[in-house]
Protein chains: 2
Amino acid sequence: MGNKFVYSFEEGSADLKELLGGKGANLAVMTRLGIPVPPGFIITTEACQAYYKGDTKAISASIVEEYTQHLDKLEATMGKKLGDDQDPLLVSVRSGGAISMPGMMDTILNLGLNSTSVLGLIAQTSNPRFAYDSYRRFVMMFGEVVMGVPSHLFEAALERIKNEKNVTLDTELNAEDFKKLVGEFEEIIQKHTNQPFPQSPMVQLEMSIEAIFKSWNNSRAILYRELNNLKSLSGTAATVQAMVFGNKGETSGTGVCFSRNPSTGENVFYGEYLMNAQGEDVVAGTRTPLSIEALGHQNKALYEELVGYKDKLEQHTTDMQDMEFTIEEGKLWMLQTRSGKRTAAAAVRIAVEMAKEGLIDEKQAVLRVDPAQLDQLLHKQLDPEATKAATVLGKGLPASPGAAVGKIVFDAEEAHKRNEAGEKVILVRVETSPEDLIGMNAAQGVLTTRGGMTSHAAVVARGMGKCCVAGCSDALINEEKKTLTMKGKTLNDGEYITLDGSVGVVYEGRVATIEPELSGYFGELMIMADKFRTLLVKTNADNPKDALTAIKFGAQGIGLCRTEHMFFDASRIQAVREMIVAKDTHSRVKALDKLLPYQEKDFQEIFEALEGKPAIIRLLDPPLHEFLPKDEADIREVAKEVGVTKEELEQTISSLHEFNPMLGFRGCRLGVVYPEISQMQARAIFQAALKVPGCEPWIEIPLVGHLKEYLFLKEVIEKVAVEVGAVAYKIGTMIEVPRAALTADELAPHCDFFSFGTNDLTQMCCGFSRDDADSFLKHYVGKGIYEKDPFQSLDQSGVGRLMEICVAQARAVNPALHIGICGEHGGDPASVEFCHRLGLDEVSCSPYRVPIARLAAAHGAIKALKNK
Amino acid sequence: MGNKFVYSFEEGSADLKELLGGKGANLAVMTRLGIPVPPGFIITTEACQAYYKGDTKAISASIVEEYTQHLDKLEATMGKKLGDDQDPLLVSVRSGGAISMPGMMDTILNLGLNSTSVLGLIAQTSNPRFAYDSYRRFVMMFGEVVMGVPSHLFEAALERIKNEKNVTLDTELNAEDFKKLVGEFEEIIQKHTNQPFPQSPMVQLEMSIEAIFKSWNNSRAILYRELNNLKSLSGTAATVQAMVFGNKGETSGTGVCFSRNPSTGENVFYGEYLMNAQGEDVVAGTRTPLSIEALGHQNKALYEELVGYKDKLEQHTTDMQDMEFTIEEGKLWMLQTRSGKRTAAAAVRIAVEMAKEGLIDEKQAVLRVDPAQLDQLLHKQLDPEATKAATVLGKGLPASPGAAVGKIVFDAEEAHKRNEAGEKVILVRVETSPEDLIGMNAAQGVLTTRGGMTSHAAVVARGMGKCCVAGCSDALINEEKKTLTMKGKTLNDGEYITLDGSVGVVYEGRVATIEPELSGYFGELMIMADKFRTLLVKTNADNPKDALTAIKFGAQGIGLCRTEHMFFDASRIQAVREMIVAKDTHSRVKALDKLLPYQEKDFQEIFEALEGKPAIIRLLDPPLHEFLPKDEADIREVAKEVGVTKEELEQTISSLHEFNPMLGFRGCRLGVVYPEISQMQARAIFQAALKVPGCEPWIEIPLVGHLKEYLFLKEVIEKVAVEVGAVAYKIGTMIEVPRAALTADELAPHCDFFSFGTNDLTQMCCGFSRDDADSFLKHYVGKGIYEKDPFQSLDQSGVGRLMEICVAQARAVNPALHIGICGEHGGDPASVEFCHRLGLDEVSCSPYRVPIARLAAAHGAIKALKNK
């Protein structure tokens with residue numbers, strides 16, 4: 001540790017981030033680029049360490065001495081003095097480690113204000129209301145974060161004064177009110193802490209720095225570092241910077257600007273400003289800011305100076321910058337610069353254009369676009385203008401992005417009929433089940449009142465690329481009366497609503513939409529990404545339409561074709577039910593024979609759509625009861641259709657009832673008990689494949705837990721292959737039962753491929769059911785137990801570890817084994833990158849997430865190159 | 001490989017088991033001990049290898065030459081000739097590898113019979129019926145196992161002849177009938193194989209030996225070797241031995257004897273015999289055999305000779321022997337000796353006495369008793385005499401051993417009331433739920449019509465040491481009429497039935513019972529076992545009574561105390577329900593405050609019963625809906641009791657409904673969402689512990705999957721400890737979610753102990769629900785996919801691997817971590833031994849299985865010593 005604990009901005013640099021913190025280093029960089037930044041200095045992270053190593057838990061006299069010298073210089077530079085009654089120096093004090101960290105103290109503004117300097121501020125701004133408002137804000141902030149007074153005490157005082165004056169908004173208070181508040185606030189501090197609010201600016205400063213150092217070790221910050229494995233960080237720095245004011249009259253002002261258009265990405269300077277204003281005035285919307293171009297007309301020199309800084313910063317950071325500036329009495333100060341937030345479209349265009357400009361290389365360009373953001377580009381959107389005027393009926397979960405406008409329908413069959421008749425409908429259900437597929441497919445969008453982000457409705461809708469708002473608990477459905485009640489409004493069947501699946505909002509009536517633009521930039525980015533990507537990206541598709549959509553988005557085949565979806569089609573369901581109620585193998589085979597030609601045709605169409613790309617076909621997976629009717633009337637009708645008595649059908653339904661269907665009679669267990677089902681499916685697959693040149697189906701056995709289950713069904717399939725004369729095919733298994741992952745070394749020698757079914761693997765590994773977990777998972781994410789919903793983003797440290805064990809064991813005995821992942825996680829960027837690190841061969845996701853997976857896979861590959 | 005392929009019995013020895021097979025070596029041993037064994041020779045396993053290595057797949061001429069020489073000697077020794085029409089030599093041919101193996105050819109008897117030698121056999125036995133019966137049996141056996149003719153063809157011919165004669169039993173056929181059958185059988189062979197039945201004894205022999213060699217590589221035998229990892233075995237031997245006959249008149253006879261009493265274990269010679277009879281006559285029961293002592297009176301010299309061989313064989317094998325002998329015309333031949341099957345009581349007595357006699361050491365004595373067998377000794381039994389006269393009403397699963405006699409009751413409350421009134425009752429339910437606990441506790445035994453070996457009724461009854469017949473699908477309950485119908489008989493409420501939980505049988509009326517005898521030998525065996533055992537054995541107990549029972553059986557503390565069972569008591573359930581319906585933390589805390597004194601008292605009583613032995617107390621685990629009523633009337637009543645409307649209660653019930661409750665809102669998830677529940681429980685535990693000197697409670701957090709869940713609740717508990725002033729306590733977690741096992745290295749540093757909850761761990765690792773798995777697990781065990789029900793005996797290669805990973809990871813970061821297992825597997829011998837190998841510190845099981853676990857743990861330890 002050196003003995004220099006304080007650095008002026010001129011002394012700092014980007015390399016010193018560890019020592020100066022991120023913010024401090026950033027200000028130093030701007031300063032060293034010759035950009036005018038309000039001057040200041042940084043008390044280093046080493047000073048923080050020294051504070052904790054000392055016995056007294058106080059800032060040592062030598063460090064106080066050192067920053068006091070820097071403060072003197074600062075006063076000299078600014079020509080102002082702390083606490084002065086004419087032109088006081090005010091400063092901000094900010095904490096900042098190398099990485100920003102929630103739980104730590106953030107910022108104190110206007111430090112230096114006291115009953116004397118507030119007069120100086122009035123003299124400078126001619127605005128007593130502003131001065132006292134700033135003063136009371138400073139006292140409150142200081143009282144709260146430095147002296148530990150609960151904020152509600154201050155808020156109560158503010159409330160009281162507003163009640164006395166019979167007003168509701170802070171803006172309705174005047175200078176006198178704020179002045180009175182300052183007094184009250186100081187009393188509150190005295191009463192609560194038995195200490196006065198320090199009038200001395202030097203004491204204010206010392207206490208603030210100490211508070212920053214202390215906040216480094218408060219329990220929230222410690223927990224955050226533990227959870228995020230940030231043990232190497234040494235402490236926080238404290239940055240002290242002169243404040244400048246944009247509200248010192250008509251030669252002062254303030255603004256925000258972007259080096260490129262953050263909406264479109266176009267390479268034009270973009271921003272807005274207000275003269276004689278503070279930053280908060282720009283944000284508050286009480287005055288309308290001017291476009292940044294207007295500054296060019298108003299003060300050309302200053303505008304050009306600003307453009308110069310913009311160019312310099314973008315060149316230096318090689319990214320689109322979001323900058324804040326203040327003009328104080330004609331002098332331009334840059335307060336902050338950072339990477340600008342941008343829409344997906346802008347992100348894509350900026351990345352592609354910067355690569356073309358040579359500002360960044362292609363790897364960087366690819367990494368610049370967050371794969372998750374691409375989702376925005378792949379769906380129809382509501383016109384942002386139109387939403388402003390629309391009436392919000394309620395909020396649910398943004399279950400599947402995009403926008404949908406249509407008439408309310410409460411029944412899947414009905415939705416299908418009306419769609420056939422040319423109407424646009426929205427399917428509204430309490431929750432959906434596989435029987436609703438036909439209606440979901442026909443609808444513009446789906447609204448459910450129950451279920452989470454991974455409910456049936458949500459998962460299926462995302463798979464279809466169809467807009468869905470799920471779990472909208474504001475809504476009440478009366479199925480009998482066919483009404484939907486939201487926010488007291490009752491809508492009838494046939495009335496229009498609009499859904500925004502990207503944010504989970506339901507609007508009344510029809511709201512205008514805009515089509516997604518898959519601009520040329522998007523395509524160019526994908527080409528760049530594919531140069532680096534090594535993971536295959538396939539799609540989950542159960543029909544030719546989805547397969548073709550996915551191929552359009554770049555899918556390299558089907559990674560998961562769920563055969564059960566085909567079973568629900570009206571033309572097949574009766575045979576399926578006959579198969580289920582069959583009392584012996586003979587009648588089961590008879591029913592299966594009816595299904596065979598349908599399945600064969602389904603597969604043939606899919607194989608034709610793929611034009612030789614590979615397809616993984618999963619054998620029947622769900623529990624059989626899913627195919628049986630639930631309510632009295634349906635049971636009666638179905639019994640008649642399949643030729644059994646109502647009682648017999650009820651008996652079958654009851655015998656198939658399970659306490660935990662997730663862990664029940666499904667997957668390969670169906671095939672082990674009724675091999676004739678697997679035989680029929682294998683036959684359909686092989687016969688279809690033989691009709692399509694170049695087709696090599698991959699047959700996937702689901703829910704395997706034990707080698708012997710797999711071997712049993714593999715033999716069944718191979719026998720059928722011999723009978724049919726099929727030669728080109730692969731057999732493998734889904735890895736979705738923890739036991740399968742743990743015994744991968746037993747399975748691998750007998751498999752051509754593995755595909756991680758991480759939905760079920762997560763359910764069984766973590767022990768929570770996707771359908772039920774909402775009740776506690778929301779508390780869990782809230783309490784930080786899981787940072788993300790493990791059904792949306794792979795739980796890398798738990799489920800991921802199981803996958804790691806599986807891959808290592810499997811590859812050790814069968815290095816050629818092809819390993820992939822399918823299901824929701826295959827379209828989640830973080831999960832895709834994890835799969836790359838794990839050395840998988842492919843990911844498979846829903847068609848609309850294929851571009852996201854492609855980009856994420858490229859990210860994984862590029863990051864791996866960097867780490868080599 | 002040497003060039004000697006055939007060994008006479010005199011040339012063999014126990015060391016040559018690999019070469020001669022188990023059976024052959026055994027006969028050689030008897031021969032070399034000077035015991036008269038019908039002579040013979042063995043064609044070695046190397047001859048079998050040579051057979052497979054040869055190009056022709058035929059037995060080489062030199063080997064045929066070699067065994068023919070041995071055969072010549074055999075004829076000389078016996079003074080008989082193969083195929084002779086006066087006194088023919090007949091031989092048996094048996095296969096035998098070093099380990100006996102299902103799927104391989106077993107035995108051919110009476111080889112050498114043909115149309116000539118059958119006359120010789122008649123001449124010798126003066127019994128044409130016997131001779132032709134033997135002949136037709138030989139032809140059938142030869143046709144089937146050597147020539148591959150399906151047995152049903154022979155059986156059809158036999159049926160036909162019985163139909164012609166209008167008889168139903170084989171015993172009703174005479175010599176002529178059998179002679180005719182021989183002819184028909186030979187025709188069947190000719191027709192089916194296009195080859196004649198070989199009349200030549202030498203051809204019969206060569207074909208038999210070749211068939212034995214071939215059966216070594218049939219698919220069933222190969223599969224068996226693969227599954228049992230018997231790759232090192234080289235082949236099978238074939239043993240050829242002269243046949244002797246006990247039915248050659250009044251100086252001939254046959255018998256079976258045991259070196260000690262196999263029922264009681266008493267060291268007395270035991271057995272029975274018949275003169276002028278074959279072995280099958282002794283078994284058939286048509287003639288009554290005499291006690292072996294009678295032989296002493298009948299033929300003292302021969303009896304003493306037999307006793308001499310008995311002593312010699314027991315001394316040599318150091319185990320109780322089960323022997324077969326035949327007397328042929330006054331000459332004693334020993335045909336077989338093997339370890340005798342024995343009752344549990346006999347096994348214990350024999351082991352203890354042999355150790356005292358110095359025949360075996362204590363380690364051997366301990367290993368001689370199968371821990372699973374002890375179960376027989378620990379429960380009340382039906383009097384075997386009484387069961388002979390009793391009427392069987394039906395069969396179910398032997399869910400919990402022991403016997404119970406009582407009056408039928410259909411309702412748990414009613415059972416409780418009648419028991420209080422002094423009646424003995426049997427609780428009869430479709431299936432049980434936690435609400436039935438009070439009735440199960442009050443009943444003598446439990447009968448259910450649904451559910452498997454691991455259903456609620458079965459698990460709870462085993463825990464209580466209470467007799468239970470579960471899943472008795474023969475029985476039909478009419479709850480309204482209060483009747484039980486079985487086999488057409490309808491029994492009313494209050495009528496007597498008797499259950500035999502050890503075999504799963506239900507009897508009508510009252511059947512006499514006998515009390516278990518925990519004789520002194522049992523105690524002596526346990527003392528020996530404990531000398532070697534290193535695993536702690538604790539018990540699962542939720543109340544002082546169970547704890548005391550277990551301690552009587554040697555339990556060293558409580559390994560699992562489930563707190564929820566206390567919640568169902570009538571005095572508490574209302575407060576529990578108030579807690580569940582509470583709308584806010586305040587009212588929840590109010591309801592919990594009511595529960596606190598009850599829980600505290602429960603714990604205090606348990607701690608007092610333990611007298612300082614440690615107890616692991618698990619926090620509330622089951623989903624809350626288990627505490628709420630299910631049917632309409634109960635809901636109405638409970639709503640009134642807890643002070644909410646029926647609709648509100650229904651709303652609560654519906655909001656707690658889950659699709660997969662196993663994977664739902666339970667375990668630590670309850671405490672994370674409602675920390676006040678865990679606070680109350682921790683407070684009750686600490687306050688109770690402080691009242692009992694020397695008490696150190698171990699608090700167990702259930703269903704942890706993620707470190708942060710654990711840390712959250714650990715903090716909650718530690719805060720309560722500080723408030724209450726508790727110092728001596730441990731905190732740990734159950735490992736029952738795969739994720740917890742996989743992240744053991746994260747958890748271990750923060751835990752004092754782990755306890756594997758292998759019931760849930762099995763459910764989640766294998767992906768099947770204990771409540772639902774019956775539907776396919778029976779097929780699975782049937783198809784050999786799982787050899788044992790993984791809920792009864794730990795799935796060592798799947799779940800066990802997960803445990804191994806967990807233990808290795810945990811011990812690497814916290815070597816002092818105490819690790820145990822609780823639940824059903826803790827009382828399963830194979831699982832206990834596995835736990836020993838895994839290096840666990842303790843197992844915990846239900847009170848009545850404590851001695852079993854102690855013995856199994858000793859087995860584990862002794863076997864580990866041997867492997868060192």
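Guide: Helices (H or I, at least four residues) and strands (E, at least two) are DSSP runs, numbered from the N terminus. The model here is predicted: local features need pLDDT of at least 70, side-chain atom pairs count only at pLDDT 80 or more, and totals for chains, interfaces and linings use all residues. Residues are numbered from 1 along each chain as its sequence is written, chains are lettered from A and ligands numbered from 1 in the order in which they are written, and side-chain values use heavy atoms, with hydrogens and water left out.

Visitor: OK, which is B:Glu329: buried, exposed or partly exposed?

Guide: Start with where B:Glu329 is: the loop between β11 (321-328) and β12 (331-339) of chain B. Its phi is near 45°, a positive value in a residue other than glycine. Buried means under 20% relative accessible area, exposed over 50%, and partly exposed in between (1.4 Å probe, protein chains only). B:Glu329 has a relative accessible area of 47%, so call it partly exposed.

Visitor: And what is the relative accessible area of A:Leu703?

Guide: A:Leu703 also has a positive phi, about 60°, although it is not a glycine. Look for A:Leu703 in the loop between β29 (697-701) and α27 (707-724) of chain A. A:Leu703 counts as buried because its relative accessible area is 0%.

Visitor: What about chain A as a whole: what share of its residues count as buried?

Guide: Chain A has 34 helices and 33 strands. Its C-alpha trace spans about 100 × 60 × 55 Å along the principal axes. Of the 868 residues in chain A, the share that count as buried is 58%.

Visitor: How far are the C-alpha atoms of A:Lys388 and A:Pro815 separated?

Guide: A:Lys388 belongs to helix α15 (residues 384-389) of chain A. With a relative accessible area of 65%, A:Lys388 is exposed. A:Lys388 and A:Pro815 are 427 residues apart along the chain, and their C-alpha atoms are separated by 57 Å.

Visitor: Which residue has a backbone oxygen 2.8 Å from a polar atom of the side chain of A:His825?

Guide: You'll find A:His825 in the loop between β32 (818-822) and α33 (829-838) of chain A, and with a relative accessible area of 0% it is buried. Leaving out residues up to four places away in sequence, what it touches (contact means heavy atoms within 4.5 Å) includes A:Thr758, A:Phe791, A:Leu794 and A:Val832. As for that backbone oxygen 2.8 Å away, it belongs to A:Pro790.

Visitor: How do α33(A) and α34(A) divide, by class, at their contact?

Guide: The axes of α33(A) and helix α34 (residues 850-867) of chain A are 8 Å apart, at an angle of about 45°. That makes them oblique (under 35 degrees is roughly parallel, over 145 roughly antiparallel, 65 to 115 roughly perpendicular, and the rest oblique). A:Pro829, A:Val832, A:Glu833 and A:His836 of α33(A) meet residues of α34(A), among them A:Ile852, A:Ala856 and A:Lys863. Taking Ala, Val, Leu, Ile, Met, Phe, Trp, Tyr, Cys and Pro as nonpolar, Asp, Glu, Lys and Arg as charged, and the others, Gly among them, as polar, you get 8 nonpolar, 3 polar and 2 charged.

Visitor: Over in chain B, are α5(B) and α6(B) roughly parallel or roughly antiparallel?

Guide: B:Arg136, B:Met140, B:Gly143 and B:Glu144 of α5(B) make the contact with B:Ser151, B:Phe154, B:Glu155 and B:Leu158 of α6(B). By class, that contact has 3 nonpolar, 2 polar and 3 charged residues. Helices α5 (residues 128-146) and α6 (residues 151-165) of chain B have axes 9 Å apart at about 155°. The pair is therefore roughly antiparallel.

Visitor: Last one: which strands of chain B do the buried residues of α2(B) pack against?

Guide: Helix α2 (residues 45-53) of chain B has the buried residues B:Thr45, B:Glu46, B:Ala47, B:Cys48 and B:Tyr51. They pack against helices α1 (17-32), α3 (61-78) and α8 (201-215). The strands they pack against are β2 (40-43) and β7 (237-242).

Note on methods
A polar contact is a pair of N or O atoms within 3.5 Å; within protein, one must be able to donate a hydrogen and the other to accept it, and residues adjacent in sequence count only if both atoms are side-chain atoms. Axes are lines fitted to C-alpha atoms, for helices over the stretch in contact, and angles run from 0 to 180 degrees between N-to-C directions.
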